Structure formats: C-alpha cells, structure tokens
Amino acid sequence: MNVLPRKMDFLQMEEKWQRQWETEGTHRYDWDDDSRPVYSIDTPPPYPSGDFHMGNFLNWTYFDMRARYKRMRGYNVLFPQGWDCHGLPTEVAVEKAKGVRKSDVPPDVFRRMCEEWIEQYIGVMKTAVIRMGCSVDWTTEYRTMEPEYMRKVQLSFLLLYDKDMIYKGEHPINWCPRCETAIADAEVEHETKRGKIYTVPFFTEDGEVLIATTRPVYLPACVALGVHPGDERYRRLIGGKAKVPVFGQEVPIIANDEVDPEFGTGAMMICTYGDKADVVAVARFNLPVVRLIDGKGTLLEVAGKYAGMPIQEGQEALVKDMQEAGLIKEEQDLDQEVGLCWRCDTPIEVVTARQWFMRTISLTDRVVETAKRITWYPDWMRQRLIDWATGLDWDWVLSRQRVFATPVPAWYCTSCGKIRLAKPEELPVDPKVTSIDDVCECGGTEFTPDSDVMDTWFDSSLTCAIHAGWPDRPNWRKQFPASVHPSGQDIIRTWAYYLMVRHLALFDETAYDSVLINGMVFGSDGRMMSKSLGNYVATPEVFSKYGADAPRQWAAAGGSTGTDIPFRWEDVEYGWRFMRKLWNACRFTSMRLQDYDPTNRAEPELLDRWIVSKLQRTVKRATEAMEDCDFMNTSEATRNFIWHVFCDHYLEAAKTRLYGDGDGKKAAQQTLHYTVERMIKLMAPITPHITEEIWRTMYDPDNSINLSAWPEYDETMIDEEAEKAGDIVIAAISDIRREKNRRGVSLNASMKSVQLYASGDDAKALKLGSGDIKDTLKIESLDIVAGGGGDAKLEDYPEIGFTVTL
Ligand SMILES: [Zn+2]
Ligand SMILES: [Zn+2]
C-alpha cells in the first residue's frame, strides 16, 4: 500500500482524474455486454446558453451520482450527453447579438450564424460538465442540429404521420407577433398584469346592451354576442342581432351557458380570437372567423382606419376615439392574466392558421395511466405531470415559422396541392433546399416546399429512443425505455410530458421507467438566483476556489430531492473541510498500514467491533437512501460516520495500538483496512475525485473506484453489545479528556491514575474497553469500580463517575 502525501493540491488532482477517466474509458457504455443489467439515463440535452450556472451544477450532480452509484451496483450504465441547439432561444440571441431579423438574410446564412453561435456555447458548457467530474460517456455526444439527428426526428415525423398521429389543419393557435411563429401551450408564460376593462355599448332593436372588455381592439373581429340562457335581463334578445360600435357589423345574439352572468355586465362579445374561451365558442356555435392581425401582429383592413397599426397601438388609438365619441361608458382597473411568449415576453395572440399538429389530447388517458405506474423521485411530483396533461385542451402545434430548426419533410403538388412527404431514404432533407423529382397522382411534376420547421421540443422529446440507438441499432430496445428521466421541476410540463406522449405515440410504450426531479437553486438571500439580483454565483468562481468535490457535497446535502435549495458558500466550505479531514484520516491509515499483513489475522477488540458495527448501519442507511435518490440522507449518514464517529473517536482510540505491536495492532490494522475501504466507497458517487485518489493509492492502482463494488450491508457484523459498550467507553474517554482540558493540561500529557465508578453493566462495558481507555488517554493506572462515586459526573451517563489524578 502506498502512502498518501501530506500535501495535495485538490484542484490539480481533480483535473488529473478527469483526463485519466477519459483515456481509460472508465465511463464507457458497453453496447455489446449482455452479462450486466442496463441502466440508461435520459440526460436532457441542455440548450447551450453560454453559461453553466449552479442550477445546472445541481442537476448534473444528481445525474452523475445516480450513474456512479448504479455502476458500483454492477450496472452497465448508459450516460449520454447531447446539446439541444435548435429553436427560438438561439435565433433570438443571434438576432439580438447581430442586430438582424431572420428575414433580413437568406435562411442558410441565418442558419450558419446560429450554428456558429451555438458551437462556442457548447464549448463552455462541455468544459463545465467535465470540470465537475460528470461521468458522461463522451463517445455518445451529439448535437440536435446535426444531419444525423435531424434524420431521426424527420423519420419519427413520417412514422407518426403514417399512424395518423400527425395532421395538418386549420386551428387556432398561440402566436408570438415578435417571433412571428406559432408556439405551443407549454411555451406560454402566464403573468398577472394590471390592465383596464372598458364598458362599451352594442346596439339592438331593443336598445343598448353593455359589454365589458379588456380588448376593444378586437371589436372588428367580433362575430357574436353571448348571453347566459337563464339571464332574465337578456333572454328576450336571444336570436336577435346586435350592431358592433364603431365598426358597425351586425352579429347574432346567442345563448351560451358558458357565459358567467356575474362577470362584467353578463353579456360577452365573442371575437376571433380574443382568448381561448372565444375559440371554444366559435367551434361550438359554428361562427365565422375574421382575421384581424397578420403574422407581425399588425391590424388588417378589417380594422378600418386602424389598419396598419401594431395591435397595442391600435387599441390605444381606438380607445381614445371611443372616449371622445362617448362610447366608453365605464373604465376600471383590472388585474388580468396575460399569456406571454416564453422567449421574448411579448403578449401572445390567438390566431387561426394552417399548421402541423400532433394528436396529443387523445393520448391523455395513456399519459395519466403511465405517470401513475412509473416511479417518481420524489413521489409527489407525479401529480404535476397528471395535472398538466389533463389540463390541456389543444393538440400540440408542431410547426414553427422560423429558420433554425428541423425542417418539415414535405412538399406540395403545385397543381393539386396534395402533400408529398419525404420517404425515409430521402432523409435528412430540407425541402427549401432540395427539390423533389416525382410525379403526383394528378400527373403534376412540380412541387412547392413546405417552408415550416418544427418545434424544438420535437427534437428533444425523442431522446429516450435516440439515446437507446433507435432506429439504427438492432438491439436498441435493450436500452429502452430509459431507466430514469432526470429533469427540473419547471420543465415537467414540457420535457417529461412531450417525451411521454411522443414515445407512447411512436412505440406504444413509456419513454422512461422513473423520473428524478431536482429543484431550483436560490441565492443565499432566498431569492431565485439571477445576475440582476446580485446573488448570482458563476460556476468558474466555485471551481477555481474549491474544485468539484466540495460543491458536489453542497448539491447532494443542500436539500431533499425535488425541493428548491439555496446556494451557500458555507456548505461548500464545510465540504472542503470534510475533504481535508477525510484526507488526513486516510493518510494516517495508509502510513499505519505499511506493515499490514492481511493473512495474519487477530481477534478484533471491543472498539474494532464497535466501529465495524456502526459502519454496517451506515452502509445500510446510505444504501437505502441512494436507492431512493435521497442524496441528502446518503451524504449526511456517510459524512457523519466518517467525521464524527471514525475520525473523532475510533482513530483517536486506536492510535496507541497502531503505534505499538502485537495482536492489538493487528486487529486495529485489519479494522482500518476494512472500514476505510467501505467508507470511501460510500462517498465515491458524491466526491468521485478524492475517493479515486485515495482508492488508487491505497487499494487498487489500476482500476477506478467507480468500477468497484458498492459495499454490501453485512448483518453478521452488527454487534449490539459492542456498540452499547463502545458508546460508554467513547463517552468516558471524551469526558475525561474534557476534564483534562478543564484543568488546563495538555491532551497528550499522561495521567497517574483514574478511577471510574459505574453500575454493574456499565462497569462491565468499561472493563471490556479498559485497554482502549488507558491507551487513548495515557493512563498509568486505571481502576474500574462497580458502584457510584467520584468527583465528576459524565453528562450522558449520570451513573458513571470518575476521579482523575494527574
Ligand atoms: Zn416571442
Ligand atoms: Zn397533384
């Protein structure tokens, strides 16, 4: 056994192992191994934002602890890493940074700008994932913007189309006028804003009917007036007509039991589309649809003199005119919920458009049933997915009118309009670039490309199958469904949901067998960490001070799985101190084991049996917690054992024996060898670098601790008697030491004599441990007397007393 050096530069040591793991291929998944069970991690490919923040650090520590633990349990672990490149975030960032709009440059030029942009950000994130010691198999690395990845996404599109799970249709959708694209429900952020509600008159044969609206600008697109059938005030008007103020069109007055007679005036205008309630009413009463705005959110001709204005400006101008004309009867402040684009915060509009959709609503029951069947860490997160799935009322709008995304693989016959989808062998394809050479049923030979691209979630919701090797590896189902989908609580409604519907639709099978949820990271002031609040901590700052193993302890122990946790420098510093403690204890052990001969066994003494029994309990607790992804309790149990049981008590008590000779020394040596090996293994998933350094120096120079076996709980080593007696001995040692300290004597100074008084059982225990007590405290003469007495009392064992003569 080699001796650990006294001085160790932890930061350099960590980077050394990161390089060596990669050269040794320690974390490679073996695609051909059929002897071990598979554990596949559906690592969510992050959007490379150019920053790896403490929230990312928390997530990846979770993924990595799971991967490392499962390897030690004998699994063949697939821990892939990809980068989710496509989509609005990148386009918006490029538009801002370069001062262009997507329409200012040709699509391929814009696409290249996006690719270059994202590549530099991938570099930043990848460096951080490596620097934190993540045991990713880098041979699996992929980018969703690569042709190979796009081929798979487009293939799934074709397969879903064949299954009638994808269709093109004219439906109302959420629209961001700034990004000029359709967006899905999951991309709409809801916020409460202070707005105004206006009361305006509609005119009927029977006089005025007042309605309350927050958006008079929608008056030109008003197609009906709804009232509750039971509302006495309006019953006589049902079936008649009302004239819309300013714009003058006549609309039917209809009975609609969805109208709340208590809200506003009890009469509601139905527009196309002010909100989702309008969408429901238009479909139900088969009302016409009036297009009010174009893709940029500019008012169209139907808005009369307001045409050409952006919708907000049009509203202001119209309200002003109506006020002057006396058409605003009342104006009140109102807190209202508005939907905002998740990327740019622009208020979304509901418009009708011809788009591609995936049938998701018809899968809701399957999603709920599957969510109930699989495992959730923690269990209460299950309901989030169920609530989201059951709350949806529209299919998933897949198409986007953007550039940097996977193209929809379709053309249309120029003569008859029939869809010509790409064939699997034609993939990947961008129909805007590649023209198609084919003959339509109608004889037409000219085809127009579909210019839409797909929602970026359509790329990233296929990872469970793609990580497994679909569609190219014949045995891809060996890795599918994913064993675990790890995710943030904020993206259950997107990532966990889309993965689930997508894989259910494609393969009629769950995407993943379990979900591991992490919370958000807050600043030390208890607020969400953000650069603008000044409570933001960048990962390079943490790495350069404390490396990876110390902050990984913060991530593991900072809070229970799934809850939000604050970032605390104190926790990282505690982790750092723990590492020094562990290092020093192991260094001492490595020195004292220089002449250790494992074949020459000795009978363990009381404190040897005591520490081994406590170790077994720690193994049991840490293992149970690890199985439950309860990283906080794993690390608490293990660190407490190492620091406050092993270092503080056992090592101190065993020192004299270890410096001595004979059976007492042998017994202590074999106990140390056994205990240190197991306790560093328990820490290995949490602090992989320092435990690797200790392991390779002391136990196995050639093989990683991550490929060694996790300690098994050994019930035969549980020794309740030794634990009870050992506790009393340890308490006696601590209290006598405290007494020495109180009298101002050096802890190393020897004592002439000590008399310990204790009742029957305790005296027996103390006699068993008398050698340890004498050795540890350097007592020349120790008397253990059954019966009370003495001039000092032990706090925890009031029946034991002692007299110390220095
Ligand atoms: Zn937007
Ligand atoms: Zn045709």
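The charged end of Arg 473 sits over the ring of Trp 31, 3.7 Å from the ring centre. A charge counts as sitting over a ring if NZ of Lys or CZ of Arg is within 6 Å of the ring centre and within 35 degrees of the ring normal. Arg 68 places its charged end over the ring of Trp 21, at 4.6 Å from the centre.

The model is predicted: local features need pLDDT of at least 70, side-chain atom pairs count only at pLDDT 80 or more, and totals for chains, interfaces and linings use all residues. Residues are numbered from 1 along each chain as its sequence is written, chains are lettered from A and ligands numbered from 1 in the order in which they are written, and side-chain values use heavy atoms, without hydrogens and water.

Aromatic pairs were searched for across the whole structure, and 35 were found. Rings of Phe, Tyr and Trp (its six-membered ring) pair if their centres lie within 6.5 Å; planes under 30 degrees apart count as stacked, over 60 as edge-to-face and the rest as tilted. Phe 157 and Phe 458 form an edge-to-face pair, 6.3 Å centre to centre, with 80 degrees between the planes. Phe 157 belongs to helix α5 (residues 147-162) and Phe 458 to helix α10 (residues 456-460), 301 residues apart. Helices (H or I, at least four residues) and strands (E, at least two) are DSSP runs, numbered from the N terminus. Phe 157 is buried, at 0% relative accessibility. Phe 458 is buried, at 0%. Buried means under 20% relative accessible area, exposed over 50%, and partly exposed in between (1.4 Å probe, protein chains only).

Phe 578 and Trp 643 form a tilted pair, because their ring centres are 6.2 Å apart and their planes lie at 40 degrees. Phe 578 is in helix α15 (residues 569-592) and Trp 643 in helix α17 (residues 631-659), so the pair ties together parts 65 residues apart in sequence. Phe 578 is buried at 1%, and Trp 643 is buried at 13%. One aromatic cluster includes Phe 10, Phe 57, Tyr 546 and Trp 583.

Cys 416 is partly exposed at 43%, and Cys 442 is partly exposed at 41%.
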